Amino acid sequence: MIAATIARESDEKQDSNDAQVSRVSDYIKGKTLTPWKTFPIKSESSTRGERTQMHAAIKEIVQEADRLKERIAIVFDTIDRLMRSFKDMIWVNELIKSGKV
């Protein structure tokens, strides 16, 4: 299975995308995953705004899964880089149920 890495920092005070990508890369190497693409998302809050960069990254991953006709693992450093609300949890659950991620 291929893996997409998403690293998100909402401001410069947080752990950098580079540090997140480094830890996720180490994790992927330890699993039976093949790195595919990294999506560094800068200055985008998980609690404010529309999260346009995150949604664009997920859309690209789903399109690639459709093209390949296989699931793609989406790997984050920590769960709060992906979601912080019940609404986000429902969205992620729907993606998993679709069989694409």
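Trainee: Is Lys-100 buried, partly exposed or exposed?

Mentor: Lys-100 is partly exposed, since its relative accessible area is 26%. Keep in mind that this is a predicted model.

Trainee: And which side chain does Lys-100 meet in a salt bridge?

Mentor: That would be Asp-66, at 3.0 Å from N to O. Lys-100 sits in the segment after α3 while Asp-66 is in helix α2, so the pair ties together parts 34 residues apart in sequence. Asp-66 counts as partly exposed too, at 37% relative accessibility.

Trainee: How many salt bridges are there by this rule?

Mentor: Five. Another one joins the side chains of Glu-64 and Arg-67, at 2.7 Å from N to O.

Trainee: How far apart are Glu-64 and Arg-67 along helix α2?

Mentor: About one helical turn, because they are three residues apart in that helix. Glu-64 is buried, with a relative accessible area of 14%, whereas Arg-67 counts as exposed at 58%.

Trainee: What about Glu-94, which side chain does that one meet?

Mentor: Lys-97, in a salt bridge of 3.9 Å, N to O. Both lie in helix α3, three residues apart, again about one turn. Glu-94 is partly exposed at 45%, and Lys-97 is exposed at 60%.

Trainee: OK, switching to nonpolar side chains. Which residues form a nonpolar patch on the surface?

Mentor: Phe-86, Met-89 and Ile-90, with about 310 Å² of accessible area together. Met-89 is in helix α3 and counts as partly exposed, given its 42% relative accessibility.

Trainee: Backbone next. Where is phi positive in a residue other than glycine?

Mentor: At Lys-69, where phi is near 60°. Most residues other than glycine have a negative phi. Lys-69 is in the loop between α2 and β3, and at 73% relative accessibility it counts as exposed.

Trainee: Last one: what order do the elements run in from the N terminus?

Mentor: β-α-β-α-β-α, which comes to three helices and three strands. Of the contacts with a separation of 6 or more, 72% are between residues 24 or more positions apart. And 37% of the 101 residues count as buried.

Methods. Residues numbered from 1 in each chain as written. Predicted model: local features only at pLDDT ≥ 70, side-chain atom pairs only at ≥ 80, totals over all residues. Heavy atoms only, no water. Patch = residues over 30% accessible without salt bridge, like charges linked within 9 Å, V, L, I, M, F, W, Y side chains within 5 Å. Areas by Shrake-Rupley, 256 points an atom, 1.4 Å probe, with all protein chains shown as cover. Salt bridge = Lys/Arg side-chain N within 4 Å of Asp/Glu carboxyl O. Helix = DSSP H or I, 4+ residues; strand = E, 2+ residues; numbered from the N terminus. Buried < 20%, exposed > 50% of the residue type's maximum accessible area, 1.4 Å probe, protein only. Contact = heavy atoms within 4.5 Å.
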